[in-house]
Amino acid sequence: MMFKTAEQQAPQQRHSKPITDRKHMRNYVLMMILLGVLSVGFTIGIMGYNNPAEFGSDGWWVIADMRRDSLLTIGVVALCHAMATIAFQTAVNNRIITPGIMGFGSLYTAIQTMFVYVFGMAGVTMLVGVPQFFLQMAMMMLLATALYTWLLSGKFSNVHIMLLVGVVIGGTLGSLSNFMQRMLTPSEFDVLTARLFGNISNARAEYLPYAIPIALLVTGFLWVRAHKLNVIALGKSTALNLGVNYKRELILILALVSVLISMATALVGPMMFLGFLTAILAYQFADTYSHRLLFPMGFLFGYAILSGSYFILRHVWDAGGAVTVIVELIGGTVFLIFILRKGRL
Amino acid sequence: MITLTDVQKDYSDSVQIGPVTTEIESGGITALVGPNGAGKSTILTMIGRLLDIDQGQITVAGHDVVNTPSKAIAKILSVLRQENHFVTRLTVRQLVGFGRFPHSGGRLTLGDEKYISEAIDFLNLTELENRYLDQLSGGQRQRAYVAMVLAQQTDYVLLDEPLNNLDMQHAVQMMKQLRRAADELGRTIVIVLHDINFAAHYSDKILAMKHGQVVKHGTPEEIMRNEVLSEIFNTEVNVIDGPNGPLAVYY
């Protein structure tokens with residue numbers, strides 16, 4: 001017992017924790033504080049900035065409630081994309097591809113285009129509503145889960161073949177949508193285009209009571225499995241050696257990822273770049289293998305970037321519309337600057 | 001003891017490994033040797049349950065490797081493949097810490113840290129333990145991987161060509177450390193080797209394979225003979241008396 005305490009008091013205790021030393025710890029905490037401050041700042045900004053009604057009046061509260069729903073949507077989307085992308089990249093052992101490669105976005109585009117193509121302008125409104133939201137989500141999940149289980153448990157049993165098939169299906173659906181879009185009238189096309197860019201305003205308040213619990217439940221499940229994710233990130237043979245049931249874990253993670261991405265896509269439309277960006281920024285700034293540390297940072301990056309873009313677009317520039325444009329601009333620039341300065345991925 | 005009974009792997013109709021029936025006894029180092037494509041790595045990875053077995057049965061210390069839960073196997077057997085590339089950025093110590101995963105489930109205790117330190121010290125990595133893997137040379141990295149499987153504290157350690165890409169100095173160091181692991185820590189080490197002279201000098205038993213079959217299984221003295229080696233490797237081999245035991249000369 002005496003020996004143990006003496007060892008604990010040693011100046012440089014040897015340990016294998018995900019945070020290597022004091023400097024690493026300081027960097028991580030500082031980054032989390034910075035992101036936290038940014039997130040809170042943008043949240044307050046979106047809630048309070050430029051509210052035309054008088055403060056405290058009924059009108060002010062109506063507007064504030066609407067803005068609160070937008071913020072909740074941003075939170076759900078950031079949570080889904082950040083955690084799903086990190087988990088997906090861990091599962092497929094590749095930090096360049098994103099779950100979008102499985103054709104979620106293309107399927108969403110195809111569904112939306114098909115409805116406008118068949119039903120005209122009314123098609124867009126036909127896809128609004130809670131049952132429709134779940135229907136779209138279910139179709140995307142069905143596609144993804146069918147791909148995973150078929151290609152991972154069959155005789156192929158190969159992640160790369162699965163991804164390739166996903167890309168081909170995505171491409172096929174994309175050209176199909178393109179073809180149908182050619183046949184639309186300009187006004188129909190205009191209405192459709194607004195739906196195809198990821199847009200916070202696409203989400204409706206009535207989706208949120210379903211979306212928030214599902215997102216929390218699924219991400220909570222990923223959080224519980226974080227230790228296994230750390231091992232899966234070492235690749236198939238190392239994970240098997242360490243006693244992880246690799247195939248089962250892989251299919252489970254990919255199924256959870258497909259729930260998250262399907263839901264986020266059904267909620268606001270495709271956002272290809274957001275997940276990639278949050279994940280890569282989290283890897284760079286957290287600089288650790290531990291998913292328990294990567295997940296929160298990824299989420300905060302996602303929230304700060306999305307709410308910041310939304311705030312600038314909607315309230316400062318007074319231009320509604322595609323947040324993705326700003327996400328890609330700001331995020332892409334940050335990413336490039338960082339890579340150039342650090343010199344490695 | 002590792003027991004293989006009619007173990008077979010079918011790669012295609014014409015290419016198959018096995019059926020192999022043999023026993024690898026506990027303790028010491030057993031080297032798997034043979035020409036390219038003989039099935040050494042296939043057999044090793046099947047014992048380590050990294051590759052599915054098409055027919056037959058493998059048991060390690062009485063546990064069937066297919067039916068026993070992977071987690072239980074991970075406490076009696078560890079296996080390291082040739083190619084290891086991680087997308088995650090890890091320090092040497094963090095990597096070795098993963099070796100404790102079957103015991104700790106990811107929550108490292110003080111006891112785990114003690115085993116990790118021991119494994120690192122054993123492979124002379126103490127100075128390097130806080131370095132990141134991408135800052136190490138190939139030889140150092142290879143030692144870090146071996147430290148990870150040693151930290152796993154398994155009775156059986158399977159290594160697939162751990163001397164690949166190592167220069168003379170590091171190859172000899174690695175073999176000496178494995179020898180010590182077998183002698184001092186009592187591990188049973190099964191290792192795929194390309195250099196027959198390394199196998200002869202450092203191992204207790206040699207298992208020679210050819211065309212997917214075990215053709216010879218015995219002590220280095222029994223294997224290190226002109227006609228035996230020439231037959232196994234399809235090349236004229238002359239065994240001469242070297243300063244530290246028999247030497248195979250094949251060029």
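Me: Which residues form one aromatic cluster with F133(A)?

Reply: The model is predicted. In it, F133(A) belongs to one aromatic cluster together with F134(A), Y207(A) and Y210(A).

Me: How is a pair of aromatic rings described?

Reply: A pair of aromatic rings is described by two quantities, the distance of the centres and the angle of the planes. Over all chains, the count comes to 14 aromatic pairs. One of them joins F42(A) and F311(A), with 6.1 Å centre to centre and 45° between the planes, and is tilted.

Me: Which parts of chain A does the pair of F42(A) and F311(A) tie together?

Reply: F42(A) lies in helix α2 (residues 22-48) and F311(A) in helix α14 (residues 291-316), so the pair ties together parts of chain A that are 269 residues apart in sequence. F311(A) has a relative accessible area of 14% and is therefore buried, the limit being under 20%.

Me: Are the rings of F115(A) and F119(A) stacked, edge-to-face or tilted?

Reply: Their planes stand at 40° and their centres are 5.6 Å apart, so this pair is tilted. F115(A) and F119(A) both lie in helix α4 (residues 104-119) of chain A, four residues apart, or about one turn of the helix.

Me: Are F115(A) and F119(A) buried, partly exposed or exposed?

Reply: F115(A) counts as partly exposed at 25% relative accessibility. F119(A) is also partly exposed, with a relative accessible area of 43%.

Me: Where do R95(A) and R180(B) sit relative to aromatic rings?

Reply: R95(A) lies over the face of Y283(A), 3.6 Å from the ring centre. In chain B, the charged end of R180(B) sits over the ring of F122(B), at 4.2 Å from its centre.

Definitions and conventions
Residues are numbered from 1 along each chain as its sequence is written. Chains are lettered from A and ligands numbered from 1 in the order in which they are written. This is a predicted model: local features need pLDDT of at least 70, side-chain atom pairs count only at pLDDT 80 or more; totals for chains, interfaces and linings use all residues. Side-chain values use heavy atoms; hydrogens and water are left out. Rings of Phe, Tyr and Trp (its six-membered ring) pair if their centres lie within 6.5 Å; planes under 30 degrees apart count as stacked, over 60 as edge-to-face and the rest as tilted. Helices (H or I, at least four residues) and strands (E, at least two) are DSSP runs, numbered from the N terminus. Buried means under 20% relative accessible area, exposed over 50%, partly exposed in between (1.4 Å probe, protein chains only). A charge sits over a ring if NZ of Lys or CZ of Arg is within 6 Å of the ring centre and within 35 degrees of the ring normal.
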